[in-house]
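Okay, thanks everyone, I'll keep this short. Let me put the structure up, and then we'll walk through a few backbone spots and the ligand site.

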Amino acid sequence: MANADEEIEGATIIAESLRDQGVQYMFGIVGVPVIEIGIAAQAAGINYIGCRNEQAACYAAQAIGYLTGRPAVTLVVSGPGLLHALGGLQNAQENCWPTIVIGGSSDEGLESNGGFQEFPQVESARLYTKYTARAMSMSRIPFYIEKAVRTSMYGRPGACYLDFPGNIIAGKKIPRSSIITRPKVPFPPRTFGDPDDIKSAVELLTHAKNPLVIIGKGAAYSCAEDNLRTLIDLHKIPFLPTPMGKGVLPDDHPYCVAPARSLALQQADVIFLFGARLNWILHFGAPPRFRHDVKIIQVDISAEELHSSRSSAVAIHGDIDTVVSQLNKELISQPGKFEFSINSQWWKDLRLKIDNNRKVTQSQIIDEKPMNYYTAFYKINAELPKDCIIVNEGSNTMDIGRTELPNILPRHRLDAGTFGTMGVGVGFAIAAALWCRDYAPGKKVVCIQGDSAFGFSAMEIETACRYKLPITFIIINNNGISFGTDQESFADLQEDDPCISIPPFALTPNAHYEKLAEAFGGKGYFLEDPSELQATVRKCIQGNDTSIINCMINTFAARKPQSFEWLTRSKI
Ligand code: ADP
């Protein structure tokens, strides 16, 4: 029992308030004036993970938010420390993931005095957050922290920033008895959809010839897997996951039509949109990727999101898991009203397309050196435990990984997400490995990245090794951004003026990235031969080290031909 008369510093109040609000992990880089917060956090029982760059720390923290539904904290120093974290904050905002950044700042009363690392931190962070505040009262620290935790989780989840002046963090002390405590924020209330909207949605579904369910990462976040499975299994509706909606229902579920994505989107006449925005990932819901007359039944926790990009026929404001349970009840109460047949023309067309696309993909798997993406993924996938967490980023590495690396469980895929951010992978993998350690011992984390994506946060390999996290990093290395050059041509280019002759997309050919793991006590493997890949992946996954497999592929390997180019705006 804490002594009410004990005099404590702001750092201790901050750490204990975070702990009392259920914050379990703090990522960051310490320095003046936040080092005391890091130390106090550990004393309060919070896991502190010292990172090498604030941006990667913030990526790690937000992945914890997605995996657990409660925010983790990124601790940053003033000025540059916060600036480096802003990219992470915006990434969390874009993905709608709860997270909190805590920054130290100039002492109260010394603002605008040209202080060390002085910067308009609160003003800057406001653009990237749902809630931002400078905490000026020691006794009210629990208030600010409770508000940041609650705001990050409630409504549409997102990012918050709290700014603590140096003299509030350390130096001054106040008695425990003067602290105004706040109870722990419960998980957000589960909001129901309007019953009239539920009826309208079911009515619309009964007239559908080509129904489709789109499962987004909002559905994953809402933990809607059980209710969605009931909806899909009972009514045999084809479903299509978005990249991080993968695994809410298994990719090998018989009603998953991901291999016929373009056809499903183009010909669906009624679409359930569960927790996905009609943004670039879903081609803005616009023709020719969607029918002109498609009727959308949209479900989202954010009222502002309803009717965004195109008007929805039925717009339901509510929590997805709750709304799907309402839909299931309504459908079950009207037996026979919606009986969709797997012998329908819609299912026949989808199945044909799925079979054809699978054949095209399989024809790309060729056992030759240098490997292409499909061969590398085929061999990697053969060794991935079904329940592992897959982190996947890069351009082709992520796009092809989306189709070739199946997910069986919800919230088991982390990728570049809504903001298309490259460099998130190592931070995400560190967070996922900590989550496995604490919540799912024995579960494996495999991070499959392009060589360019890996480079953004490569020094976090030292972080992973320091905390002995058994992550298998697989770098799909094509010597560049989308393409690269071979060693011989690169040497010639370097002979000229390299700044003029080395193409902007080229990186050092055959760079030995695996040595980074070796440098910090992990294991590294460089391989070019497809025959070595499977055994190496197996060895790394079964082991307990941080390991890097540097998998060389053909520098000109590409995706199989697409019916639509992913980002070609002229076609939208
Ligand atoms: P994806 O990347 O899978 O396409 P988006 O990030 O675009 O998904 O969309 C996720 C949507 O899910 C956001 O609009 C967000 O408001 C919504 N969302 C998040 N949590 C919930 C929830 N519990 N219930 C309903 N909608 C949610």
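So, let's start at P288, which is in the loop between β11 (270-274) and β12 (295-300); helices (H or I, at least four residues) and strands (E, at least two) here are DSSP runs, numbered from the N terminus. The peptide bond leading from P287 into P288 is cis, with omega near 5°.

Before I go on: this is a predicted model, so bear in mind that local features need pLDDT of at least 70, side-chain atom pairs count only at pLDDT 80 or more, and totals for chains, interfaces and linings use all residues. Residues are numbered from 1 along each chain as its sequence is written, and side-chain values use heavy atoms, with hydrogens and water left out.

There's another cis peptide bond between K369 and P370, with omega about 0°. P370 lies in the loop between α13 (345-363) and α14 (373-383). And have a look at S112, in the loop between β5 (99-105) and α5 (121-126): phi there is near 60°, a positive value in a residue other than glycine.

Now some distances to ligand oxygen atoms. For T242, a polar side-chain atom lies 2.5 Å from one. For R277, the distance from a polar side-chain atom is 2.7 Å, and K217 has a side-chain N or O atom 2.7 Å from a ligand oxygen. Of the 580 Å² of accessible area that the ligand has on its own, the protein covers 97% (Shrake-Rupley, 1.4 Å probe).

And where does the ligand sit? Its space is the second largest pocket, with more than half of its atoms within 2 Å of the grid points. A pocket here is an open set of points on a 1 Å grid over the protein atoms alone, where a 1.4 Å probe fits, with protein on both sides within 12 Å along at least five of seven lines; lining residues have an atom within 4 Å of a point. The volume of this pocket is about 840 Å³. It has 42 lining residues, and P157, G218, Y221, S222 and I301 are the closest to its centre.

Definitions and conventions:
Polar contact = N/O pair within 3.5 Å; in protein donor to acceptor, adjacent residues only side chain to side chain. Points joined across faces, edges and corners; volume = space filled by probe spheres on them.
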